[in-house]
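Here is a short briefing on one protein model. Look over the fold first, then read the points below.

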Amino acid sequence: MPLSTTQVKSALRAARVVRTQVRCLATPSSSKPRFSQTLDEGPSLDDFIADRVPDRVVLGNTTTPRLPSYLKTTIPKGSSFAKIKKDLRGLNLHTVCEEARCPNIGDCWGAKEGVSEAEGKRAATATIMLMGDTCTRGCRFCSVKTSRTPPPLDPHEPENTAEAISRWGLGYIVLTTVDRDDLVDGGAHHFAETIMKIKQKAPQILVEALTGDFAGKLEYVSVVAKSGLDVYAHNIETTEALTPFVRDRRASFRQSLAVLEQAKKDGVRVTKTSMMLGVGEDEDQIMDALRELRKVDVDVVTFGQYMRPTKRHMKVDRYVEPAEFDRWKQVAEDMGFLYVASGPLVRSSYKAGEFFIENVLKGKGAQRRTKPLVTGQTLETKTEVQS
């Protein structure tokens, strides 16, 4: 017998009640205590005020050093910075400053207070990457892509780069490159051609070349050194003892010294190198490295904090305090270096244009001090004497 309308409605209501009940019962209560229960059972406000909290919760990874506040930077800004960034987009130039997210980009691209935009731009520094973005080596600190067979060189790059830089209007430019062990000359002639074209189109621009070691083939160091550049830079990166653990196996501390020595022999006015601190070095190792650099008449040295780019790279051993960077600056200056930039955020080309213009062209470099340090003197002894 068919159901009446009233019976159908009653059955549907009953079904809805059953489904609702089933839905509620199918959600089991959690075995964990509720948040309110945990809160009630935990320490009170009075316990916190009286410091009677027995257990403290520490979040994050506690096995590695925490990033100190002095390594945190503000967002770069300013008219000079904005103008240079706009020019870069228009000229299709790519800088290491942006690619590597350098923390000093605001300092290097920004103008000093009280100077015109043109003056600020002439003192600004930018680092242009040549010969692609793929390196044939794999240093443990570097995040650049690696490959045994990088793409071929662009034969038009020297001309295009020189044209763009000449129209840019900067007073100082840094050119760098990945290592190209796949090329017979390591890219030396390509590098030199770019420098010569820049000097042809804009001879007033100061050029710094930050090169690799050309696999120790010094004749190719000479090719770049004699191209008309103003500063020859090659980074030793770390101390001699730590080089095998930090740099690619094809690099060596002595090979880097030979590169810097050859550049000086070829008549380069200023040679320059850079060291990372915080990779496990000790004071004696740093002192030995500085002595070896002075033996080959290196003029400029910079110290900066190693920052781990990704978890695949070597860990930071420690974060060096700013006061220690200041002490190393004093030690290096007393050893006779023409200029020393030392600080947690300092990188190889930190304010390079400002340094060159103020300390060399204006004659301050002639007043360099050459106080020899006693052999074996440690950083602590040096500090005690000064105090």
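Does Cys-135 count as buried or exposed? Cys-135 counts as buried, at 9% relative accessibility; buried means under 20% relative accessible area, exposed over 50% and partly exposed in between, with a 1.4 Å probe and protein chains only. This is a predicted model, where local features need pLDDT of at least 70, side-chain atom pairs count only at pLDDT 80 or more, and totals for chains, interfaces and linings use all residues. Residues are numbered from 1 along each chain as its sequence is written, and side-chain values use heavy atoms, leaving out hydrogens and water.

**Overall fold**
- The protein has 16 helices and nine strands (DSSP runs numbered from the N terminus: helices are H or I, at least four residues; strands are E, at least two).
- Of its 387 residues, 46% count as buried.
- Among contacts (heavy atoms within 4.5 Å) between residues at least 6 apart in sequence, 77% join residues at least 24 apart.

**Cysteines**
- The count of disulfides is zero, a disulfide being a pair of cysteine sulfur atoms within 2.5 Å.
- For Cys-135, the closest cysteine sulfur is in Cys-142, 6.6 Å away and too far for a bond.
- For Cys-139, the closest cysteine sulfur is also in Cys-142, at 6.4 Å, again too far for a bond.

**Around Ala-289**
- Ala-289 sits in helix H13, which covers residues 283–295.
- Ala-289 is buried, with a relative accessible area of 3%.
- Leaving aside residues up to four places away in sequence, Ala-289 touches Ile-236, Phe-253 and Met-275.
- Leu-257 is 32 residues from Ala-289 along the chain, and their C-alpha atoms are 9.8 Å apart.
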